[in-house]
Amino acid sequence: MTAAHATTSSSPSTAAAIPSNLALLAALLACALAQFLKLFTTWYKEKRWDSKKMLDSGGMPSSHSATVTALAVAVGLKDGTGGPAFAIAFVLACIVMYDASGVRLHAGRQAELLNQIVCELPPEHPLSSVRPLRDSLGHTPLQVAAGAVLGCIVAYLMSNTK
């Protein structure tokens with residue numbers, strides 16, 4: 001047996017590794033579930049169905065928070081919290097959640113204000129016909145917390161199904 005053959009036969013192929021990768025599957029499922037739940041939270045808040053919300057950023061719950069929290073929790077449950085993989089996932093989750101409720105939330109609020117200013121410009125102004133900026137970029141702290149709870153639940157449930 002050659003060295004190359006021994007290496008490939010002892011390590012799982014990429015296609016075979018994906019189904020058994022709890023952290024990746026938990027993160028992807030949490031993200032998809034959070035995006036799907038936005039349909040219902042939008043209906044509850046605005047009393048209308050808007051399927052575009054499943055692809056938008058912003059809204060309740062935060063899919064960003066759900067994704068990174070599920071990743072960190074799944075890594076922690078599978079490998080323990082003492083290793084570098086958990087440290088990386090935890091720090092990533094903190095940065096993403098801070099960014100979602102801080103920088104991106106305020107950028108969205110600024111876009112909303114700029115859109116309002118542009119709407120009030122006279123029609124002859126060169127900026128009056130500028131396409132509006134996207135204003136649903138970030139999340140409130142409650143949306144971030146809801147996403148984090150969802151991520152924890154998904155990772156926990158997935159880790160206990162095996």
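Q: Is Val118 buried, exposed or partly exposed, and what is its relative accessible area?
A: This is a predicted model, and the accessibility is computed from its atoms. Val118 has a relative accessible area of 22%. Buried means under 20% and exposed means over 50%, so Val118 counts as partly exposed. Val118 belongs to helix 6, which covers residues 103–119.

Q: Which residues does Val118 touch, leaving out those up to four places away in sequence?
A: Val118 touches Leu127, Ser128 and Val130.

Q: How many helices and strands does the protein have?
A: The protein has seven helices and zero strands. Along the sequence the pattern reads α-α-α-α-α-α-α. Of the 162 residues, 29% are buried. Among contacts with a separation of 6 or more, 68% join residues 24 or more positions apart.

Q: Where in the protein is the confidence lowest, and where is it highest?
A: Start from the average: the protein has a mean pLDDT of 81, and 78% of the residues score at least 70. The lowest confidence is in helix 1 (residues 3–10), with a mean of 46, and the highest is in helix 4 (residues 63–79), at 96. The pLDDT is below 50 over residues 1–10, and this stretch has two contacts in the model beyond near neighbours in sequence.

Q: How many residues does helix 4 have, and how far does it reach?
A: Helix 4 has 17 residues and reaches 24 Å from its first C-alpha to its last. That is close to the 24 Å expected at 1.5 Å a residue.

Q: Which residues of helix 4 are buried?
A: An α-helix has 3.6 residues a turn, so residues three or four places apart point the same way. The buried residues of helix 4 are Ser63, Ser65, Ala66, Val68, Thr69, Ala70, Ala72, Ala74, Val75 and Gly76. Helix 3, helix 5 and helix 7 are among the elements that cover them.

Q: How many residues are in the largest nonpolar core, and which have the most contacts inside it?
A: In soluble globular proteins, nonpolar side chains tend to be buried together. Here the largest nonpolar core has 16 residues, and Ala26 and Ala74 have the most contacts inside it. Two or more residues each come from helix 3 (22–46), helix 4, helix 5 (84–101) and helix 7 (141–159). Apart from this core lies another, of six residues, including Val68, Met97, Val144 and Ala148.

Q: Which residues does Ala74 touch, not counting those up to four places away in sequence?
A: Ala74 touches Leu22, Ala23, Ala26 and Ala155.

Q: Which residues does the UniProt annotation "transmembrane region" cover?
A: According to the unreviewed UniProt entry, the annotation covers residues 16–37, 83–100 and 141–159. The model can be read against two of these ranges. Residues 83–100 are 94% helix and 0% strand, with end C-alpha atoms 26 Å apart. Residues 141–159 are 100% helix and 0% strand, and their end C-alpha atoms are 27 Å apart.

Q: How many disulfides does a search of the whole structure find?
A: A disulfide is a covalent bond between the sulfur atoms of two cysteines. The search of the whole structure finds zero. As for accessibility, Cys31 is partly exposed at 27% relative accessible area, and Cys152 is partly exposed at 33%.

Key. Residues numbered from 1 in each chain as written. Predicted model: local features only at pLDDT ≥ 70, side-chain atom pairs only at ≥ 80, totals over all residues. Heavy atoms only, no water. Disulfide = S-S within 2.5 Å. Buried < 20%, exposed > 50% of the residue type's maximum accessible area, 1.4 Å probe, protein only. pLDDT = per-residue confidence, 0-100. Helix = DSSP H or I, 4+ residues; strand = E, 2+ residues; numbered from the N terminus. Contact = heavy atoms within 4.5 Å. Core = buried A, V, L, I, M, F, W, Y, C linked by side-chain atoms within 4.5 Å. UniProt positions renumbered as here; feature names shortened; annotations may be inferred. Expected span 1.5 Å × (residues − 1).
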